[in-house]
Amino acid sequence: MVSDHPARVPGDVPPGSRVPARSAVRAWVYDRIIAGMTATWYRQVLERLPDGARLLDVGIGTGAALARCADVVRAKHLAVVGLDIDRDYLARCRDALGRAGLTGQVSPVLGSVYDHRGGPYDAVYFSASLMLLPDPVAAIAHVASLLAPGGRLFSTQTFHHRRSPLLERAKPLAQHVTTIHFGRVTYEHEFRKAFADAGVELEELVTMRSTRRSSYRLAVARAA
Ligand SMILES: C[S@@+](CC[C@H](N)C(=O)[O-])C[C@H]1O[C@@H](n2cnc3c(N)ncnc32)[C@H](O)[C@@H]1O
């Protein structure tokens, strides 16, 4: 389904034409800015999974966050497919998984969520990756079709409490400077609508941490 979607793997680049240092720096910046925080999100989701669960991690990135939870991945005997469209991040991800001793349990795959045909999965997880997609509704509907009976869809990300036109403009600028795609500013009603439009029931929307302006939340959903 949705194979003609715009969010594709960026075009192939001839070998030798990339600047390796730039790739490494992008992934390093990502790990410094994001991975510490999202590792705590991963841990909360992984701890909810049943033993032996088959997990699709949509947008695994550099794998740093998942690697920091290697103890849970091992203890629960999880089998993870880590999908991403970013070659630089996936190169670093393979190294991180090797160092964490997870190569037997986590398979990095270069590809877009819209084109992924794997499964069935017991769980699909979007960590900071759902609302940056060009069409979250199509992504939710597609991955829901990859779930085994009783499977669950998880998402963790930042929500903003009040409309912030300034932040809405600042996020693309921050992406330009850091090379990290921070996604759009997300409000609860838009997030809920994305699941409703996809025909997927949102069971929980738990606040993991909150500040005056924003909160980090964990969503759990199941196919209707
Ligand atoms: C903000 S990062 C989050 C990485 C990681 N999940 C974490 O929480 O640390 C979002 C990731 O989603 C990936 N991504 C963006 N569009 C995608 C798509 N269409 N299919 C799969 N991954 C995608 C990006 O390349 C990036 O690595």
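pLDDT is the predictor's confidence in each residue, from 0 to 100. You'll want it here, as this is a predicted model: local features need pLDDT of at least 70, side-chain atom pairs count only at pLDDT 80 or more, and totals for chains, interfaces and linings use all residues. Residues are numbered from 1 along each chain as its sequence is written.

Colour by pLDDT to start. The chain averages 87, and 82% of the residues score at least 70. Now select residues 1–6: pLDDT stays under 50 there, and the model gives them 12 contacts beyond four places in sequence (a contact means C-beta atoms, placed from the backbone, within 7 Å). Residues 11–19 also have pLDDT below 50, with 2 contacts beyond near neighbours in sequence.

Next, show the strands (DSSP runs of E, at least two residues, numbered from the N terminus). You'll see 7 of them in an open, mixed sheet, ordered E3-E2-E1-E4-E5-E7-E6; strands pair if DSSP finds at least two bridges between them. Click on E3 (106–110) and E6 (200–210): each has a single partner strand, so one side of each lacks a neighbour in the sheet. From one strand to the next, the twist averages 20 degrees (axes are lines fitted to C-alpha atoms, for helices over the stretch in contact; angles between N-to-C directions run from 0 to 180 degrees).

Zoom in on E5 (147–160) and E7 (214–223), an antiparallel pair with 8 bridges. Ser155 sits opposite Ala219 in E7.

H5 (136–144) touches E1 (54–58), E4 (121–127), E5, E6 and E7, and makes about 155 degrees with E5.

Note on methods: Helices (H or I, at least four residues) and strands (E, at least two) are DSSP runs, numbered from the N terminus.
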